[in-house]
Amino acid sequence: MADRGSFTRRRPDLEFYLNRVFRKKSFRPLQREVIAAVVDGHDVFLQASTSFGKSLCFQLPAVINNGLTIVICPLLALMMDQVNALQAIGVAVSTINSNTPLAERRLILDDMLSGHPRTRLLYVTPELCQTDSFRRNLQVVHRQGQLARIAIDEAHCISEWGHDFRPAYQELGWFKKNLVDPEVPITALTATATPRVRTDIINMLNLNPTQLKLFNTPSARPNIHYEVRYLEECGEDGDYQVENLLKYLRAIKKRREARLGAEEAARLPPISGIVYVGLRAISEHLASLLSQDKSISAVAYHAGLAPQERTRIQSLWTAPPPSKQTSNGKPPPTFSIIVATNAFGMGIDNSYVRFVVHWTPPRSFEGFVQESGRAGRDGRAAASLVYYNLQERDRIFDRMNRDTENMRNRGGPKHLVASTMKNQEARLDSFKKVVRYCESVTRCRHDLIKDLFGDFELEEMGSQQPPSSQAARGSGLGMPGSTPCDYACDFCKEGRVALGKRKRKMLSSTAYMIDEGYV
Ligand SMILES: Nc1ncnc2c1ncn2[C@@H]1O[C@H](COP(=O)(O)OP(=O)(O)OP(=O)(O)O)[C@@H](O)[C@H]1O
């Protein structure tokens, strides 16, 4: 008979919970290692690409371990998406946010303080964690030995160098200082942290770098084909660009028909795509222009729409692809496209997006990686396309510099001005990375993304990666004749000469390219 000590120390069967509770067949590469470290009570930092399945890395341990897991989430939509999904599979989950009625809030707190909470995961905002009353409640749960861990989702929000800086995140260092004997374990998760942001996350959460378990996946997604389209013309009406996008879509349609035959292809569900634009007006205008093509169903999405309309579009978008025939008996359109501002984002989980287009250069590099990462979440081939031109680049630089000047002149308390200026500098740095990414014609774009995110530094810090990415690193996937990304970017597919030629065509007599060494 196994002795009781070794029996109680044995880690629970993770696969059992994965299958029975979460109804998933197997772990994705690295997921099991991360979950095991969390279950064993370590502090964990996970930087994994969009759609990796980061949420499971604290949800599954929360179901296994005794006690309550607090999940800090920056956005209501993201929170509700996870809460609804967990409720649907019967996990005891609650949330306290601005929409929680008082009576429900009392019930949740009663359960939390009961000494044996039924709730496994409690989703809250960072702002709630700043309040004295919530902190006191956490201390009680901790004293009762019922606080399993704190999971901090979108942990990059802690840093002024991050693209989604949220001041309340900076107060989260309170946990490690005040929930002691034993210390409460922390799991910090993000898809987009540069080396500076990573350092901030570790320092501000008061994590001990020598004891912290680090994990990461490559920042560039191997199933995404990255491409930059250099615009020679940039007319006010964008006619040339619309025609270019339509050509791109027609080529996809043609390839699909060649593969399946026109009749079969016409019966398939639409191909989903997102086009990110900078302005609400452009989202309306472009959606209506694209809809004039009978193979496209395009809809605008931006913060100016009524909340019900936004919810309606989101739920249509996240529903599984429609069956082969629409309700009116007509075959579905070939493309279903959302033309959105960046209001369309986190927490909208549609696995079937096949392409993400940036109509103008994205404003931040982290934002770009996150937005382009909404393509191919099912692991199948997908594409990221950025339209780039020098006039737009310079307009963005001008606007950023003007904003910086205005903020400096606005004045205010010294520490607030310093913080705003730091954040503004971070924005400028991030946009310079976008420029570098777009203007480079001498490197694989996958490699460039990994470099700009400091993936190699993570490796030096002892971060564990999925075995496949270690094997592929620096060796062009280890296959003779293949490229670092296996031809999944314009540089590797077209080669330096052809790509350089495309880029040179964009140059007007007055325009100049930013030298790669400069940005
Ligand atoms: N082992 C698994 N097997 C199958 N599906 C999984 C597995 N793990 C997670 N998923 C699914 O993958 C999808 C993405 O997961 P999740 O939302 O946690 O990603 P994420 O890493 O947080 O991405 P993002 O940063 O884009 O939000 C979800 O639909 C989730 O159910």
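Here are some questions and answers on this predicted model, from the whole chain down to single residues.

Q: How many helices and strands are there in the chain?
A: Let's start with the overall make-up. The chain has 519 residues, and 39% of them count as buried. Among contacts between residues at least 6 apart in sequence, 78% join residues at least 24 apart. As for the elements themselves, the chain holds 21 helices and 13 strands.

Q: Which strands stand at the edges of the open sheet of 7 strands?
A: The strand order is β3-β4-β2-β5-β6-β1-β7, and the pairing is parallel. An edge strand has a single partner, so one side of it is left without a neighbour in the sheet.

Q: What angle does the direction of helix α6 make with that of β3?
A: Helix α6 covers residues 102-112 and packs on the sheet. The strands it touches are β2 (68-72), β3 and β4 (121-124). Its direction and that of β3 make an angle of about 120 degrees.

Q: Which residue of β6 stands opposite phenylalanine 45?
A: Strand β1 (residues 44-47) and strand β6 (residues 186-190) run parallel and are joined by 4 bridges. Along this pairing, leucine 46 faces leucine 189. Phenylalanine 45, in turn, stands opposite alanine 188.

Q: Which residues on the two faces of β1 are buried?
A: In a regular strand, side chains alternate between the two faces of the sheet. Both faces of β1 are covered. The buried residues are Val44 and Leu46 on one side, with Phe45 and Gln47 on the other.

Q: What is the bridge partner of valine 44 in β7?
A: β1 also pairs with β7, in the parallel sense and over 4 bridges. Within that pairing, the partner of valine 44 is lysine 213.

Q: How many of the 6 residues of strand β12 are buried?
A: Strand β12 spans residues 353-358 and is mostly covered. It pairs in the parallel sense with strand β9 (residues 271-276) over 5 bridges, where serine 272 stands opposite valine 353. The number of buried residues in β12 is 5.

Q: What is the handedness of the β-α-β unit made by β12, helix α14 and β13?
A: β12 pairs in the parallel sense with strand β13 (residues 382-388) over 4 bridges. One of the bridge pairs joins valine 356 to serine 384. With helix α14 (residues 365-372) between them, the unit is right-handed.

Q: Which residues come nearest to the ligand?
A: There are 14 residues around the ligand. This shell divides into 5 nonpolar, 5 polar and 4 charged residues. Those that come nearest are Lys24, Thr50, Gly53, Lys54 and Ser55.

Conventions
Residues numbered from 1 in each chain as written. Predicted model: local features only at pLDDT ≥ 70, side-chain atom pairs only at ≥ 80, totals over all residues. Near = placed C-beta within 6 Å. Nonpolar A, V, L, I, M, F, W, Y, C, P; charged D, E, K, R; others polar. Pairing = 2+ DSSP bridges. Contact = placed C-beta atoms within 7 Å. Axes fitted to C-alpha atoms, helices over the stretch in contact; angles between N-to-C directions. Buried ≥ 20, exposed ≤ 12 C-beta atoms within 10 Å, placed from the backbone. Right-handed = clockwise from strand over helix to strand, strands pointing away.
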